[in-house]
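Let's take a walk through a protein model together. Keep the picture open while you read.

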Amino acid sequence: MSLAELQKLSTRSGGARVKQETPDNKAALFFLGPWLVGAVALTIGPMAASLYLAFTDYNLLQDPRWIGLANFERMLEDDRLHKSIEVTFTYVAFGVPAQLAVALLLAIALDRGMRGLPFYRSAFYLPSLLGASVAIAVLWRLIFGSEGLFNSILGTLGIDSSTSWIANPDTALWTIVMLHVWTFGSPMVIFLAGLRQIPREYYEAASTDGASPLRQFRSITLPLLTPIIFFNLVLAIINSFQAFTQAFVVSGGTGGPSDSTLFYTLYLYQEGFGAFRMGYASALAWLLVVIVGAFTVINFWASRFWVHYDD
Amino acid sequence: MTTETTTAHRPLETETVPSASPQVRQPRSETRRRLLGFLRHVALLALVVVSLYPVLWMIVSSLRPDGFIFGNASLVLNTFEIENYTGGWNALGAPFSTYLLNSAVVVAGAIVGNLVTCSMAAYAFARLRFRFQRPAFAIMLLMIMLPVHVVIVPQYVLWAQTGLVNSFWPLVIPKFLATDGFFVFLMVQFIRGLPRELDEAARIDGAGHGRTFFQILLPLMTPALATTAIFTFIWTWNDFFSQLIYLTDPNLYTVPVALRSFIDAQSQSSYGSMFAMSVVSVIPLLVAFTLGQKYLVRGIATTGGK
Amino acid sequence: MRLTTSSARRAAAAVATTAALLGLTACGTGEQPGSGSEGEAPELSEEAVTLRVTWWGGDSRHPLTQEAIEAFEEKHPNIKVEGAFADWGGYWDKLATQTAGGNAPDIMQMDELYLASYADRGALYDLEQTTQLDTSALDPNIVDLGRSDGTLYGMPISTTAFGILANTDLLDELGLTLPDTTTWTWDDLSAFAEEVSEASDGEVVGISPLNNGYSLQLWARQHGEALFSGGAVSISPETLAGYFQQALDWTESGAAASASRQAELAGVSIDQSDFSTRKQALLFSQITQIPAYEAATGGATLEPVKIPTEDANEADYSYLKPGMYWSVSSTSKHPAEAALLIDFLVNDPEAGQILGTDRGIPSNGTVREAIVDGLEPGQQRAAEFVAAEEEYIGAAPEITPNGASELDTLIARYLEDVLFESQTPDQAAEAFIDQLDATIKSAN
């Protein structure tokens, strides 16, 4: 996995200009000092330990026992793991774009001067404050249960439904995707911030040229916002691959019905803490790192073609 | 954040009213514009209802007696069980203010720690050239990607050896060591969006990296710092797992740990009290966001473009 | 991070060293002093001792336990006790982490599902090594359920029996009366449950399927088998398939709610269950949960009745199960004091008065009698039921073996597959046994 390339990409804007100067090793040591201490003392150790545990049989209560690649071999035949990968990919593939689209649309709707902006912003952020709490878990049942609000609404529209959307293996995951979309507050806030960064005179010039609002959006807003979209995309993908608490909303953490909401991290947690197979859980964690790392590298690579850096 | 537009390099101008409409002057029917504006408000208000509903429902539920909370999605309240608040406040042995205060201490420490050390690390990654820069950045990203459940045990072992478990230190010290890669990355992106001419000019004037960072960049990073502060607040306030693991003395319990203690999967649970205390504990979050969001947006408007 | 062979080897070595430095290889509990079964009985210290106790539960349990702890501290001024609590899910995560970190609490509340998993991995202390803990006031059958491989690792706190709770208020409203439940068979139950659903036009269902380890054990015993024997799964696929088939039949006949309704309510707290919201008339449950369900139903009268059998004369299939245990960590530096505290919490009438029936009906007969008059009606009915269950009680079964702590989750998962018809009962039974067996083997 070439994370080095990733790094190269992320700092490429700065690289060229400072190249002639002497390296700032001393200054870097000062600014990076706390981070370095943290990395050495708190982070690298546990990370390395988890990597080591990935090659062991470790039940938390007894010493880990080296078993080589057995954990990774087990992955090949682990049906629940394959199911959890399928679930997680579906969640990421639909949840991330949908949430970012809603967040972006609302950020744009809220961007131009309008009354009550702080109110809307706070109101829209509320679902993100509650996240996947117990209250939301209870409420989600009331909305998407067999006797829930959603079915009542369908009923008034003339569609007779008594399905329990959260308990049907075919639909349960989609209610969590909806929950994900509904907590669009964080990316929206970042989009709003990004929109504010776009110089107003661009729009003025475009208006003078007679460009329609739609065209202005396509030729000014969107390109200049791509770095922000990119940023949100990278983080949303990393975070969504690690979706965990969301699963407790529908299944109380079992991953049901019929493993239809068995997220990768949930499965990892069940293996590590539920079944005392922390060695296998660590192996799963590093597989996830490889998957997410690959996505991140691809993301950075692809960003050359669509992210508009003006330098 | 990563835009370095040519206009961004111009001298900064302050825009005191960030939400003022851009001067888009187009010959267009005034009534049509008003109608569109009205429709937009209607659509947004509809969304507000969707966003507010769960919160309102939680408030209403916190005023219902146990046994009348489930199976009731309506917002109509015909009981007013204030006892959920008075009883819930004292139900767990210590008054709930203890947990609020504990959470506040942890959150305050985390915010200060993240603001100081993540911004410093971000400056190094965004503006300095140094050895092992790439591996360092890669490790930072790895830290975001590794699920917490497999590092928590080794981390706990570490803290147990220092004898600092059962205190706030394992929750706060990491923040002072910039272990939150998310915010480092966030601020790297923000800093890269700031015109490089600014610090180069400062360097020519003889300013060292310290002065450049503290006097030139930091003031311009208000939005990034506000975002960090707000997100740290919310995420730390709601973080259950690490607080559960590290705190054992009930007098040190934080809000999320305390809230869970109302519920027992095997016997009867005090959902009313749980909801009441959830409402109480959402208030600081709401206040924090409402106050913080101004800086979040205004900051950028005054620093980024014109 | 592309690793060459030599750097990979170096990295692996470094990683192993780090892990060793971190103490992961030393903090396990296997070789700790005090965990062995030999050695002299630990003695009480004259000096100041601090004990850490931890338990799970809801908000009513915490103040009561703290109060009992204070009473203990008054009696033993040199012992200071620090209590800690968590919710059920968080409790096990925290306990595992603390144990892994070599920092386990001295005394922990333990569940039957986890007892062998902790004991067989050396995390628990042999309670009979101490002289401070008296088990004589407990039924020996109950005490045996605190043993793994013959060693006592868990002191039963309470006992409970499995049965059916009948919401008689609801049945009255529907104009139905329970059949003779002392001799009823599974067919009688099925017929009655269907009757409930019909009488209410589907508004109220009769029953929900059996779905946990306790009930599966009873089911096996009714078929002359045992769920586990010799630390391995011993229930036959046929018997297990019958267990799943029963659930499927009820779901299809309407005696129970639809598969998706059941799935919807899987894993919710008891307050949200159909039984609590008066949409279900009968419920398989631990009888000692009567007060909890009475509160959750808003004060309905719940009558405890025995589970049906295949044939009306069947006996000896039943057993009383400890509700919870107190266990001592094998790494505790003060096992004698820990045993003393457990003895106080379980055997002392003063503690019994304070704790009441919060953890179920006390396992100690003397304490039980001392508090029985003060019990609420619901809890009193439960106590009576447990006493009456004597008639059907046989030898205690083996406890859930090491590695099978996920038994209940596993049952629920396969049951869901059966109800959603992605597996037939026969397939599910085979797969279930295979998986449980593999889990147990990999843990031992």
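We'll begin with chain A and then turn to the domains of chain C.

First, some housekeeping: this is a predicted model, in which local features need pLDDT of at least 70, side-chain atom pairs count only at pLDDT 80 or more, and totals for chains, interfaces and linings use all residues. Residues are numbered from 1 along each chain as its sequence is written, while chains are lettered from A and ligands numbered from 1 in the order in which they are written.

Chain A has 16 helices and 2 strands; these are DSSP runs numbered from the N terminus, with helices being H or I of at least four residues and strands E of at least two. Its C-alpha atoms fill a box of roughly 70 × 70 × 30 Å along the principal axes. Of its 311 residues, 54% are buried, meaning that 20 or more other C-beta atoms, placed from the backbone, lie within 10 Å of a residue's own.

Now hop over to chain C. Here you'll find domain 1 (49-158 + 323-379) and domain 2 (162-320 + 397-443), with bounds from an automatic or database domain assignment. The C-alpha centres of these two domains of chain C are 29 Å apart. Where they touch, domain 1 of chain C gives 18 residues and domain 2 of chain C gives 15; contact here means C-beta atoms, placed from the backbone, within 7 Å.

Which helix supplies the largest share of the domain 1 side in chain C? That's α4(C), with 6 residues.

Notes:
Two residues are in contact if their C-beta atoms, placed from the backbone, lie within 7 Å. A residue is buried if 20 or more other C-beta atoms lie within 10 Å of its own, exposed if 12 or fewer, and partly exposed in between; C-beta atoms are placed from the backbone.
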